[in-house]
There are 2 protein chains.
Amino acid sequence: MARPKEFDVEEALDRAMELFRRQGFEGTSMNELQEAMGIGRQSLYDTFGDKKQLFLRSLDRYTARGRETMAAPLFAPDASLPELRRYFEEIVEFLTPRDGNGGCLLAGAIVELGADHPEVASCCRTNQRSLREAIRKALKRAQVDGMIRKEIDCESISLVLMGKLYGMTLLARNGASRAQLRKSVKQLLDMFTS
Amino acid sequence: MARPKEFDVEEALDRAMELFRRQGFEGTSMNELQEAMGIGRQSLYDTFGDKKQLFLRSLDRYTARGRETMAAPLFAPDASLPELRRYFEEIVEFLTPRDGNGGCLLAGAIVELGADHPEVASCCRTNQRSLREAIRKALKRAQVDGMIRKEIDCESISLVLMGKLYGMTLLARNGASRAQLRKSVKQLLDMFTS
DNA sequence: GGAGTTATGGACCGATCGGTCAAGTTAGGA
DNA sequence: TCCTAACTTGACCGATCGGTCCATAACTCC
């Protein structure tokens with residue numbers, strides 16, 4: 001081994017992730033990334049490969065981060081309806097920040113690259129699958145405990161809720177307020193709770 | 001007046017719209033547009049202005065087209081629950097074409113340009129407002145006729161349904177099948193019908 | 001204290017970007 | 001008929017794109 005890196009790889013990746021989240025893939029240039037990450041051109045390419053690889057790593061980090069923070073309680077083995085409600089509440093808050101720079105890297109990735117970048121598409125689908133599964137389990141658990149009506153099909157409702165999450169990212173980007181989103185979440189969730 | 005155009009403006013716009021829908025704003029170059037539209041460079045700029053103006057006109061056309069075709073029955077003065085169901089069914093079909101080139105120009109516009117292009121954002125919001133209003137009226141009418149439970153708040157459910165539409169564009173882009181989307185629509189709509 | 005390895009900074013690459021210029025062509029109106 | 005306004009064509013513009021090369025610096029190991 002020789003000369004150590006002068007920058008923090010994880011931190012640089014966070015900066016890239018944030019820029020991609022706000023501006024999208026095509027909308028962000030390597031020059032902007034380099035500047036935002038605070039590293040030199042060559043260090044960028046040596047460490048992260050080309051732009052697509054950097055985006056993919058940012059996306060991976062983004063989804064992992066989401067699972068570890070906001071979604072963590074939902075992924076807990078005993079997660080139920082309260083955890084689900086709390087998760088949706090956190091998503092609403094995340095999508096409507098004070099500075100107005102809402103926007104979801106995952107949604108951007110699906111729209112912008114989902115059709116022609118297999119690895120990105122794969123990452124997005126994997127994330128959707130695991131999240132949906134966590135939602136389904138939480139719903140089922142809540143149903144067993146009598147918090148959700150018996151006739152509800154948790155499997156298909158989990159897809160409805162995934163769509164709800166995606167839908168909110170666009171509603172938020174299109175001007176919906178935190179209060180509006182919060183209310184729409186409550187309306188939907190109350191609909192199948194008993 | 002002098003020499004007439006050799007190409008059909010509306011048709012050229014359709015081509016541009018289709019390309020933007022599939023590839024997004026940043027993902028589509030003027031060279032590609034020129035080729036797809038089948039016109040010369042200068043004709044393009046003379047007729048449509050710069051890229052942003054061309055995109056805006058494409059977006060306008062896209063939303064207008066949607067209102068005139070799929071959404072037309074929903075906008076009818078006597079639209080009710082059947083029209084609403086039918087509209088969602090048509091959207092599902094639109095989002096899951098045989099060739100796999102699903103994708104919604106409106107969703108792309110919101111994600112890619114909603115944050116930093118006021119005119120595009122304005123167009124997206126106007127479209128959302130009018131569509132949501134049509135949904136709300138149809139819901140209300142269905143409620144008066146006893147097809148929807150009395151305790152339902154049509155105003156806020158209309159936002160839930162707008163979110164559902166947006167959500168489906170991402171679900172479709174992320175691999176959801178026509179059958180899955182259809183089922184999720186049924187699940188949601190059945191939830192507040194009596 | 002070399003020797004070998006990795007990181008850094010900046011110049012540089014061809015390609016492509018959105019957009020324009022100018023010369024030539026085709027029509028309508030006087 | 002001929003003038004002129006509008007359309008077409010293709011070369012061309014500077015800027016920026018993603019990506020690479022190379023000389024130099026900084027570190028570890030022998």
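**Exercise 1. In which helix does B:T63 lie, and is B:T63 buried or exposed?**

Before we start, a word on the source: this is a predicted model, in which local features need pLDDT of at least 70, side-chain atom pairs count only at pLDDT 80 or more, and totals for chains, interfaces and linings use all residues. Residues are numbered from 1 along each chain as its sequence is written, chains are lettered from A and ligands numbered from 1 in the order in which they are written, and side-chain values use heavy atoms, with hydrogens and water left out.

*Step 1.* Find B:T63 in helix α4 of chain B. Helices (H or I, at least four residues) and strands (E, at least two) are DSSP runs, numbered from the N terminus.

*Step 2.* B:T63 has a relative accessible area of 8%, so the residue is buried (buried means under 20% relative accessible area, exposed over 50%, partly exposed in between, with a 1.4 Å probe and protein chains only).

*Step 3.* Leaving aside residues up to four places away in sequence, B:T63 touches B:L106, B:C123 and B:N127. Contact means heavy atoms within 4.5 Å.

**Exercise 2. Describe how α4(B) packs with helix α8 of chain B.**

*Step 1.* Two packed helices are described by the angle between their axes and the distance between the axes. Here the axes of α4(B) and helix α8 (residues 118-144) of chain B come within 10 Å and cross at roughly 5°. Axes are lines fitted to C-alpha atoms, for helices over the stretch in contact, and angles run from 0 to 180 degrees between N-to-C directions.

*Step 2.* This angle makes α4(B) roughly parallel to α8(B) (angles under 35 degrees count as roughly parallel, over 145 as roughly antiparallel, 65 to 115 as roughly perpendicular and the rest as oblique).

*Step 3.* Our friend B:T63 is among the α4(B) residues that make the contact, while B:C123 and B:N127 are among those from α8(B).

*Step 4.* Sort the contact residues: 6 are nonpolar, 3 polar and 3 charged. Ala, Val, Leu, Ile, Met, Phe, Trp, Tyr, Cys and Pro count as nonpolar, Asp, Glu, Lys and Arg as charged, and the others, Gly among them, as polar.

**Exercise 3. Now try α6(A) and α9(A): at what angle do they pack?**

*Step 1.* Helix α6 (residues 81-95) and helix α9 (residues 154-173), both of chain A, pack at about 20° with their axes 10 Å apart. They are therefore roughly parallel to each other.

*Step 2.* Residues of α6(A) in the contact include A:Y87 and A:F88, and those of α9(A) include A:L165 and A:M168.

*Step 3.* The tally for this contact is 10 nonpolar, 1 polar and 1 charged.
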